[in-house]
Amino acid sequence: MKSTKLITILLAVFIATACLESYGQDTNTDNHTITVTIPSVALLDLETSGTRNFTAAFTAPTEAGDNLTAPSDNTDLWLNYTSVITGTATKKVTATLSELVDGVDIKLAVASSSTGSGDKGTPIGSATTLSTSATDVITAIGSAYTVSGASSGHQLTYSFVAEDANFADLASGSTTVTVTYTMIAE
């Protein structure tokens, strides 16, 4: 009987000690870490409410001595993009012509984006003559998106001018010009 009592007491002491040890290992707080990874992004595309590739045709005069009539402005294209910057380095969008058209200036105006969110940068606004060298058309783009689709992002307006000073450079025919937009770090 004494040995049963002794075993019972030892068992009670063992259980009590085990319980105290388990309480002694934990506190009332604990923690862990979470690593959040965000990729650097630079994506852009052109969307259209009309025709992506178009013809800008000057019209011949009907009266001798009159000038050519310039084509109407084209406002069918919209520039959409998504940008996530690295650190504080902003991005910009440039436009470059594949070649020049003798006697004709191809001008581009870029409107502000009223869609999307973030730091959508500063567009050139009024018409700027494009060339075969990269022309900055939107600067200071931070982390932003414009929403995808026609009527979203920055509306592009192309105009075509044959200045009197360049009239001697004009030659009849068609020239196909490619305009390339690129988003790069500033």
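**Entry 1: the overall plan**

I began with the secondary structure and found that the protein has one helix and eleven strands, where helices (H or I, at least four residues) and strands (E, at least two) are DSSP runs, numbered from the N terminus. I noted that this is a predicted model, in which local features need pLDDT of at least 70 and side-chain atom pairs count only at pLDDT 80 or more, while totals for chains, interfaces and linings use all residues. I also noted that residues are numbered from 1 along each chain as its sequence is written, and that side-chain values use heavy atoms, with hydrogens and water left out.

Reading along the sequence, I wrote down the pattern α-β-β-β-β-β-β-β-β-β-β-β. I then looked up the burial and found that 25% of the 186 residues are buried, where buried means under 20% relative accessible area, exposed over 50%, and partly exposed in between (1.4 Å probe, protein chains only). The protein exposes about 12,100 Å², and carbon and sulfur atoms supply 54% of it; accessible areas come from the Shrake-Rupley method with a 1.4 Å probe, and for residues only the protein chains shown count as cover. Among contacts (heavy atoms within 4.5 Å) between residues at least 6 apart in sequence, I found that 80% join residues at least 24 apart.

**Entry 2: an open sheet and its salt bridge**

I looked next at an open sheet of four strands, which has the order 6-8-3-11 with antiparallel pairing. Strand 6 (122-123) and strand 11 (179-185) stand at the edges with a single partner strand each, so one side of each is left without a neighbour in the sheet. I reminded myself that strands of a sheet pair through backbone hydrogen bonds, either parallel or antiparallel; here two strands are said to pair if DSSP finds at least two bridges between them.

Strand 3 (residues 91-97) and strand 8 (residues 135-141) pair in the antiparallel sense over four bridges, and I found Val 93 standing opposite Ile 138 in strand 8.

How many salt bridges does the structure hold? I found one, counting a side-chain nitrogen of Lys or Arg within 4 Å of a carboxyl oxygen of Asp or Glu. The side chains of Asp 136 and Lys 92 meet in this salt bridge at 3.2 Å, N to O. The pair links distant parts of the chain, since Asp 136 is in strand 8 and Lys 92 is in strand 3, 44 residues apart. Asp 136 is partly exposed, with a relative accessible area of 33%, whereas Lys 92 counts as buried at 17%.

**Entry 3: strand 10 and its partners**

I turned to strand 10, which pairs with strand 2 in the antiparallel sense over four bridges and with strand 4 in the antiparallel sense over six bridges. In strand 10, the bridge partner of Trp 78 is Gln 155, and that of Asp 105 is Val 161.

Is His 154 buried or exposed? I found His 154 in strand 10 (residues 154-161), and it is buried, because its relative accessible area is 1%. Its side chain makes a polar contact with the side chain of Tyr 81 at 2.9 Å; a polar contact is a pair of N or O atoms within 3.5 Å, and within protein one must be able to donate a hydrogen and the other to accept it, while residues adjacent in sequence count only if both atoms are side-chain atoms. The backbone nitrogen of Ser 113 lies 3.5 Å from a polar atom of the His 154 side chain. Not counting residues up to four places away in sequence, His 154 touches a number of others, including Leu 77, Trp 78, Val 110 and Ile 138.

In strand 2 (residues 74-84) I looked up Asn 74, which counts as buried at 8% relative accessibility. The side chain of Asn 74 reaches the backbone nitrogen of Asp 76 at 3.0 Å. Leaving aside neighbours within four places in sequence, Asn 74 is in contact with Phe 54, Leu 156, Thr 157 and Tyr 158.

**Entry 4: two loops**

I found Thr 115 in the loop between strand 4 (105-110) and strand 5 (117-118). Thr 115 and Ser 148 are 33 residues apart in sequence and 9.2 Å apart in space, C-alpha to C-alpha.

Lastly, I looked up Ile 34, which lies in the loop between helix 1 (2-25) and strand 1 (41-48) and counts as exposed at 68% relative accessibility.
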